[in-house]
Amino acid sequence: MTLSPNGKDGLFCIYCQHTNRWHDTHCQNCGARLVTQDPQLESELKQQEKTWVSPTYQALYEKTQNALPDGSLALFVSGNAEPLIFPFVRNLVLGRDAANTGEQMVDISQLSPLGHSVSRRHAAILPAPGSFTCSDLGSTNGTWLNQQMLEPGKAYPLQSGDQIRLGLFTIMVCFKATNTAVKRLTILIKGRNTLENHPHLLRPPYLLMQLSPFLQALNEMHEIMALAQGQPTRDIFIYEIQEKPNGVGINLEMNPQTLQILRQHLSPWRDQYTEFTNRERKHPATFLEPAIAQLTNKIIATLPATKSANANLHQRLEAALTILAVSPLEVARIDN
Ligand SMILES: [Zn+2]
């Protein structure tokens, strides 16, 4: 064993001059690989590094990326001939917890001898518009994205080909970045009639009873619009919900076109509906069903013809519109 050129006891990093602990495999300061003292470990790490530069791997990466549907994710693991493919990523946890927690999970201990350095719940990959993000979940040995150490709990944007290192274990991500027409918006949701002067909009009962079904129906509309236009389907992303003097302000990411279609078709329809219920003073079911069917057809007519000829899409649209149409809430304003 030798001392570092700076006189300190430990493994010296030739890239950043940091002195690391003897058992470190990567520089704690810059993430560079250090030559380790353990021959067995050294050979396993070399094996892993060789994978990513081999021509076989490069060809497989390109082939996979071309074949992947939009919004799907592939994870490459050294020593495994085929990547792991995830058609729908919700909250993909990377770790070594075999217990069935109902989470979408990759058990690293089953994949690599280097898996022992991975925490039970080490890191997570989440979908973002047109891409994905990675966060460290407070792991013992840390998560690195290429040469950058991740601050626990913070989401870092991923690019296809990025390497994520969990302790000693490295995984490579592969996906097709898509250019979805999703924007960050602020919408104001406001109550009609009875809720006009509701004093405590952000109380849990109100959020659960009124806002939650409304947002779910909005999410459904967002998905239907994407499907009809042949785009990848994604959930809407909500960043912030705040009480405003005249409604609930919601900062979210979604397709602004969906909101425009709703405002254009739904608002006039609701005026008619309110007028009808006020005039007739009877149960509006007789009016509701045929009117929603008409409204659905009107909206379907605005969508690209080839993709929208789908009975299931029609049914889903009708169901979402019914919730939005009879809700005491409505989208009052859109800012971006
Ligand atoms: Zn270093």
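This is a predicted model: local features need pLDDT of at least 70, side-chain atom pairs count only at pLDDT 80 or more; totals for chains, interfaces and linings use all residues.
Modeller: Buried means under 20% relative accessible area.

Biologist: Which strands pair with β8?

Modeller: Two strands count as paired if DSSP finds at least two bridges between them. Strand β7 (residues 121-128) runs antiparallel to β8, with 6 bridges, and Ala-124 is opposite Ser-135 of β8. Strand β11 (residues 156-157) is also antiparallel to β8, joined by 2 bridges; there Thr-133 faces Pro-157.

Biologist: What does the hairpin of β7 and β8 look like between the strands?

Modeller: The hairpin has 2 residues between its strands, and Gly-130 adopts a positive phi near 75°.

Biologist: Next, the metal. Which residues are the protein donors of the zinc ion?

Modeller: Cys-13, Cys-16, Cys-27 and Cys-30 each give their SG atom, at 2.3 Å from the zinc ion. Along the chain these donors are spaced as C-x2-C-x10-C-x2-C.

Biologist: What is the geometry of the zinc site?

Modeller: Ideal angles for four tetrahedral donors are 109.5 degrees. Here the angles among the 4 donor atoms are 103 to 114°, and the site is tetrahedral.

Biologist: Is Cys-13 buried or exposed, and how does Cys-16 count?

Modeller: Cys-13 is buried because its relative accessible area is 1%. Cys-16 has 23% relative accessibility, so it counts as partly exposed.

Biologist: Now the sheets. What is the strand order in the open sheet of 6 strands?

Modeller: The order is β4-β3-β13-β12-β9-β10, and the pairing is antiparallel. Its edges are β4 (84-86) and β10 (148-149), each of which pairs on one side only. Within this order, β12 (residues 163-166) and β13 (residues 169-174) form an antiparallel pair with 4 bridges.

Biologist: Which strands does helix α1 lie across?

Modeller: Helix α1 (residues 39-53) lies across β3 (73-77), β12 and β13. To read the angle, note that it is taken between N-to-C directions, from 0 to 180 degrees. The helix runs at about 15° to β13.

Biologist: What is the order in the open sheet of 4 strands?

Modeller: Its strands are ordered β15-β16-β14-β17 and pair antiparallel. The edge strands are β15 (237-244) and β17 (329-335), each pairing on one side only. On average, neighbouring strands of this sheet are turned by 25° against each other, ignoring direction. Strand β14 (residues 183-191) is joined to β16 (residues 247-254) by 7 bridges in an antiparallel arrangement, with Leu-188 opposite Gly-249 of β16.

Biologist: Which helix lies across β14, β16 and β17?

Modeller: That is α4, which runs at about 135° to β17.

Biologist: Where is Thr-258 placed, and is this residue buried or exposed?

Modeller: Thr-258 sits in helix α4, residues 256-280. The residue counts as buried because its relative accessibility is 0%.

Biologist: What does Thr-258 touch, leaving out residues up to four places away in sequence?

Modeller: Contact means heavy atoms within 4.5 Å. With those sequence neighbours left out, Thr-258 touches Met-221, His-222 and Met-225.

Definitions and conventions: Residues are numbered from 1 along each chain as its sequence is written. Side-chain values use heavy atoms; hydrogens and water are left out. Buried means under 20% relative accessible area, exposed over 50%, partly exposed in between (1.4 Å probe, protein chains only). Donors are N, O and S atoms within 2.8 Å of the metal (3.2 Å for Na, K and Ca); water is not among the atoms, so sites may look incomplete. Four donors count as tetrahedral if all angles lie between 85 and 135 degrees; four count as square planar and six as octahedral if opposite donors are over 155 degrees apart and all others between 65 and 115; anything else is irregular.
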